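Trainee: I'm new to this one and would like a close look at a single part. Could you take me through how the chain is held together inside and where it meets its partner?

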Amino acid sequence: MSSEARTGTANSSSLSPRSSVLSTRRRSAQRWRDARDGYLFILPWLLGFILWTGGPMIASVAISLTEWRIITTPHFVGLGNFVALLHDNQIGVALYNSAFYVVVGVPTHLFIATLAALIVNVKLRGVAFYRTLYFLPSLTPIVANSLLWLTVFSTDFGLANAALSLVGLPPVQWLSDPRFAKDSLIVMSWWGMGAQMVILLAGLNGIPDHLYDAASIDGASWWERFWHVTLPMLSPAIFFNLIIALIGAFQVFTQAYIMTNGGPDNATLFYVYYLYQVAFQNFDMGYASAMAWLFFLIILVFTLVQFRAARRWVFYEADVTR
Amino acid sequence: MKTWYLPMTAAGILLIFPLLWMVSTSLKLPGTEFAYPPQLIPSPAVWHNYVDALAQEPFGLYLRNTLTITAAATLGSVLTASLAAFGFARIRFLGRDVLFILLLSTMMLPDIVTLVPKYILFSKLHWINTFLPLTVPFWFGGGAFNVFLIRQFFMTLPYDLDEAARMDGASNLRIYAQLLMPLSVPALATVVILTAVNNWNDFLSPLIYLNSPSTFTLALGLQNYRTLYGTQWAWLMAASMLMIVPVLVLFFSFQRFFIEGIQLTGLAGR
């Protein structure tokens with residue numbers, strides 16, 4: 001658009017055939033310069049895409065068809081690794097654990113982030129201080145956070161059980177009971193909702209006041225305004241967070257590595273943790289690549305389902321004005 | 001409206017409590033961390049724990065390693081992501097839109113898919129136990145998310161700026177460096193914060209690529225505190241606090257831009 005606009009104004013005064021030839025030539029020179037510059041500007045990214053994304057993805061397919069333990073030479077096994085996946089009990093366990101973490105963790109996480117954003121979306125003195133307070137825990141490095149929550153979840157001396165005993169409840173074996181270990185890691189993840197809250201807060205800020213004014217004139221109650229104005233207008237931001245949270249939650253690893261070592265009884269052996277063991281403790285690169293592809297396809301399907309479902313609940317203003 | 005402070009404060013206390021607990025534990029006399037009932041305000045407050053924590057491990061070395069990696073990765077990200085963003089936002093060229101869709105689709109790609117081949121590549125290059133696997137990739141586009149974020153911000157700046165500069169004979173590089181970059185501080189600050197914090201906190205990549213203790217980052221070193229001095233929770237929490245503080249300092253110094261950046265780049269979905 002830019003090149004046409006410029007040559008257009010430059011030649012608007014003279015309409016002789018000669019200058020139109022000149023302008024065509026100049027326009028094509030400009031177009032060529034733009035193409036060259038455009039590719040030069042994106043070159044680092046393009047090279048990076050080939051070197052660290054596209055290339056490795058193709059390599060990963062090839063590796064998944066081999067038996068390769070890094071020090072040995074790879075040898076072709078066809079779909080052998082994928083067949084082996086089906087007979088590996090640990091795969092089922094790991095898939096279940098990760099799916100549980102996603103299906104229970106992501107919606108609760110988003111609900112709490114939305115609630116927090118609504119709480120601090122007010123015009124009150126000192127609200128900036130509260131926003132910072134809510135956001136701070138999400139900045140805690142995951143290793144430090146995992147170590148901290150190990151003390152919180154300690155059965156005999158931890159803060160969590162001390163809080164339970166305050167209200168007269170019996171202690172819970174947060175991390176050492178296979179029934180609760182995943183839930184405990186989900187509870188811990190709620191404290192890191194600050195980043196999502198900030199994005200939702202920006203979304204709330206972007207809702208124009210006139211919509212609320214119009215609703216009030218129509219006599220809408222607080223709840224009706226929330227349900228028919230706030231929520232639809234916020235839905236794109238919620239959807240954005242949902243996708244990011246989904247992909248993040250599928251890749252949960254560090255907490256389990258530091259806090260539970262995948263235990264107790266494989267209760268927190270998440271898929272990425274199992275892949276880590278296969279790839280970097282057993283150095284079984286072929287099998288690990290097959291695992292990665294299976295997992296990628298599962299995440300892809302999950303994400304696409306969300307995109308489809310989004311048509312029914314995500315509201316885009318542009319669709320209406322168009 | 002005054003009553004709103006009640007739930008707002010209650011939630012605030014609940015959210016900040018674990019961090020307060022970390023501060024409190026870091027100041028307890030080693031051996032009394034788990035006294036029952038739990039003590040929020042330690043008496044006496046053992047500030048010396050911080051000195052001891054620093055002395056126990058080559059903390060200074062880990063700090064230097066982490067700073068080096070974080071600085072190199074962040075600098076590369078801001079520079080190359082903004083270059084690509086300029087190409088995608090301000091220059092028309094054949095194939096641009098297709099490549100941009102490709103970029104968006106890599107945002108959805110879980111890192112796990114490329115983990116194994118990248119490890120093999122880096123080990124064939126003899127990059128294991130060096131900082132190169134943790135820094136060099138960031139000089140190649142700085143991550144799709146960062147390109148997207150800066151591109152969205154560039155899109156909000158009026159095209160008349162470029163046009164006027166082009167009339168005066170400015171090249172694309174000049175328009176990028178002298179016109180758009182200075183106007184994009186909020187977006188760039190957001191990228192700096194997100195990239196720096198991610199690299200500072202990263203655990204999986206250093207775990208895979210760094211095996212010799214002399215190359216350890218803080219995240220790996222912290223894990224060592226536990227295996228070597230398993231019972232010294234006060235020191236461990238003191239060391240954890242020391243890892244958190246730089247992140248907090250970074251956040252507070254860029255906070256103003258950060259919020260603005262998120263609002264203006266349309267991250268909120270509009």
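Mentor: Let's start with contacts along the sequence. Among contacts in chain A between residues at least 6 apart in sequence, 67% join residues at least 24 apart. Keep in mind that this is a predicted model. Chain A has 15 helices and two strands. Its radius of gyration is 27 Å, well over the 20 Å that the globule rule gives for 322 residues, so chain A is more spread out than a compact globule. Along the principal axes, its C-alpha atoms fill a box of roughly 90 × 70 × 35 Å. As for burial, 37% of the 322 residues in chain A are buried.

Now for the partner. In chain A, 77 residues are in contact with 76 residues of chain B. On the chain A side, helix α2 (residues 17–64) gives the most, with 20 residues. Sort that side by class and you get 59 nonpolar, 15 polar and three charged residues.

Next, the nonpolar cores. The largest one has 109 residues, and A:Met197, A:Phe270 and A:Leu275 have the most contacts inside it. Helix α13 (residues 233–264) of chain B gives the most to this core, with 10 residues. Zoom in on A:Phe270: leaving out residues up to four places away in sequence, A:Phe270 touches A:Ala94, A:Asn97, A:Ser98, A:Tyr101, A:Val252, A:Phe253 and A:Ala256.

Technical notes: Residues are numbered from 1 along each chain as its sequence is written. Chains are lettered from A and ligands numbered from 1 in the order in which they are written. This is a predicted model: local features need pLDDT of at least 70, side-chain atom pairs count only at pLDDT 80 or more; totals for chains, interfaces and linings use all residues. Helices (H or I, at least four residues) and strands (E, at least two) are DSSP runs, numbered from the N terminus. The radius of gyration is taken over C-alpha atoms; the globule rule is 2.2 Å times the number of residues to the power 0.38. A residue is buried if 20 or more other C-beta atoms lie within 10 Å of its own, exposed if 12 or fewer, and partly exposed in between; C-beta atoms are placed from the backbone. Two residues are in contact if their C-beta atoms, placed from the backbone, lie within 7 Å. Ala, Val, Leu, Ile, Met, Phe, Trp, Tyr, Cys and Pro count as nonpolar, Asp, Glu, Lys and Arg as charged, and the others, Gly among them, as polar. A nonpolar core is a set of buried Ala, Val, Leu, Ile, Met, Phe, Trp, Tyr and Cys residues joined through C-beta atoms within 7 Å.
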